[in-house]
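Morning, everyone. Let me put today's structure on the screen, and then we'll walk through it.

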Amino acid sequence: MSKEFTSLYPNYDVLKKWDTPSWNDITRAVIEKRLNEVPRRRFFTERQWVTLVAVCDRVMPQPDRSDPVPIAPWIDTRVYERQGTGTHYASLPPQQECWRHGMDAIEAEAQHRHRRPFDKLDPVEQDLILHAIEKNEVGSSAWDGLPSQNFFRHILLRAIVEVYYAHPAAWSEIGFGGPASPRGYVRLPENRRDPWEAEEHAAVAAQRLAAT
Amino acid sequence: MIGSERHLRATAGRAPDVFARGDWVPMRQFSDEEEVDFAIVGTGAGGATLAAKLAEAGFSVVALDAGPFWRPLEDFASDETEQNKLYWLQDRISGGSHPIEFGTNNSGCAVGGSTVHFQMVALRFRPEWFAQRSTMGYGRDWPIPWQEMWRYYEEVEDALKIAGPVNYPWGPPRGRYPYRAHEVNAAGLVLAKGAEAMGVKWAPTPLATVSAPRGKSPPCVYRGFCKIGCSTNAKQSALITYVPRALAAGAEIRDLAMAGQIEMGENNRARGVVYHRQGEWRRQRARNVVVAGYAIETPRLLLNSATAQHPSGLANSTGLVGKCLMAHSNHAVWGVMDDEIRWYKGPPSMAVCEHWNYEDKGKDFQGGYSFMSQGPLPADHAKGLVTNTGMFGMELRQRMALYNHMAGLKIVGEVEPREENRVELSDEKDELGLPVPRITFGFSENDKRLYKHALHFMRQALEAAGARDFTHTASTAHLMGTCRMGDDPADSVTNADGRTWDIPNLWICDGSLFPTCGGVNPSMTIYALAARVADRIKEMGARGEL
């Protein structure tokens, strides 16, 4: 898998629609806050925090961005404020305990394998640990009481993608139309695009599709 | 969470005007001490429909909802995270061999209930399913003949101005839908192409969003955020249809009112509802209590209302309250297309195939399924991908980069009603001191054969439509059962009218009543049941039988 990221929409920025009929007042208010009021750490310990930041960097790597989409701060806020998801999986501890346990266990796994903290490992080592967690192939006893794959898929990955794909930069990179109210769309068939939708870079798209 | 940070809107003689910004409609109000004819818990497809029809018939009605009373035009953002406010996000403990995801997946918490976020798919049950045991040899019979249910489908389809095709390809002839079908989007046309290649029929999905102006609802503008709330009011949710009707007819709707117990009085009759609102516990007196909280909250409330006379919970002398929970299998196949699909445009499921609901030959399982085209929003799609595959890193980001070239087909698959799939009360308490529900769910061997058949078929169809590079996902959708209706008091919780066998003035009116779940989205069947329950109550009232 390539280490580079290629967008099919290099010239598209969903924020350019801010003052168009595609954005209404409440959406502008919500997104303005997301862009400008990134919260500070309140829940995780400093150690847990650096582990979480390092994990987010591997799950959603952003080497192409000088100003990466912030992920860890929003997860911290969500857990601090006990924002529920409606589901407490019986196999996992309650939300706050689950997140602390998970970050501690990832760190313990790094120590178990390399005798170094997770955030100091090189990316290949970090990825191997995350794959082991994903496959329930962990070695540290710190995972007792926390099924690693369940935690990884249903809590950790889920939270990371929910935060990342809530950011306008992520909408732009995938060519998503973004906010659309009151103006929606007119052209619905395949390969048809309204003027206010992202224009695909044909050559990049052809190259990416050929690789699937 | 519930109610703590939000302000009441339905109070002081007025309720929000859902068709305007910041405006109000008048609302009749009742005091807690006044014994109303009906106290209804829940204002979704079941509760709101019943509240409207009973109020229009002259009954005094108070309907409680745990959630807020939104004005879609000013309150609904085009944003997945913000719109989490539409869902039931309090903890439910989820276990079993296939734990159900709740919250954004299937549970609303708002006046209008889950219809505020539903994807508007408006299908009818196949006629044979109402006598499934008798005619097909499996499942259970419903206590209502299909012809009668189909008459009520017609009533509620008209009330919601369903937009659908002139000729629906499956089942007995039905009248044409009230509004013309919507233009099918590219994602739907992928289904059409696949179905045609497989030699099966397809149809534009009948949808509860208008294709032409209706009153204060403008036609759908295909913005594609239906699953997180319609900000234009094209969607005909209970919030903008039956709720305004109920208010206009003199019903009171109480928002941010969480029911905790049904209170029993003398002579084995319910005397009212204990509910939490504005930081205090209150009691609404009522001659009749109706529970319409959907298939988790309804049994939770009944079980939490146990008394010395009803030690295992109200209406539970059979032990069936909470049993036979059904969640449709919701498995899907996703693939990459050369064409730009841009599935974010339009309602998520604009094309449907009900072939395997109506064709019984060639199956290695009992039951049916429909499948529909898909159009998940970015975070929703990414969530399904990672929780099913564990994919992460640049592989995930690159996969998501093909978002506009993705197409998917997803089933609504019938599952068997089995007692081991159930809702119980745990020992944990929520912040109001109410017991947190514990849900156990898993698929039977038959359920698994059904979704495997579906995945195989949909993958062939998607491939025939030009897709490649497939991924499969497993999930569940909708919540049904847990208080099934029936003809035999020893084998059901309520009769055909939703009236509990054990307590004559306690009723149930929601998806909990389903004895079986069929292979279609449940909303129209819930609406139809509620419309029928209302008519039956009117008849019984006229005869002095309440």
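Helices (H or I, at least four residues) and strands (E, at least two) are DSSP runs, numbered from the N terminus.

Some ground rules. This is a predicted model: local features need pLDDT of at least 70, side-chain atom pairs count only at pLDDT 80 or more, and totals for chains, interfaces and linings use all residues. Residues are numbered from 1 along each chain as its sequence is written, while chains are lettered from A and ligands numbered from 1 in the order in which they are written.

Now the sheet. It is open, with four strands in the order β1(A)-β5(B)-β19(B)-β18(B), and the pairing is mixed. Pairing takes at least two DSSP bridges between two strands. β1 (88–89) of chain A and β18 (422–429) of chain B stand at the edges. Each has a single partner strand, so one side of each lacks a neighbour in the sheet.

Two bridges join β1(A) to β5 (residues 93–95) of chain B, and the two run parallel. His88(A) stands opposite Ile93(B) in β5(B).

Finally, chain B overall. It has 12 helices and 22 strands. Its C-alpha atoms fill a box of roughly 65 × 50 × 50 Å along the principal axes.
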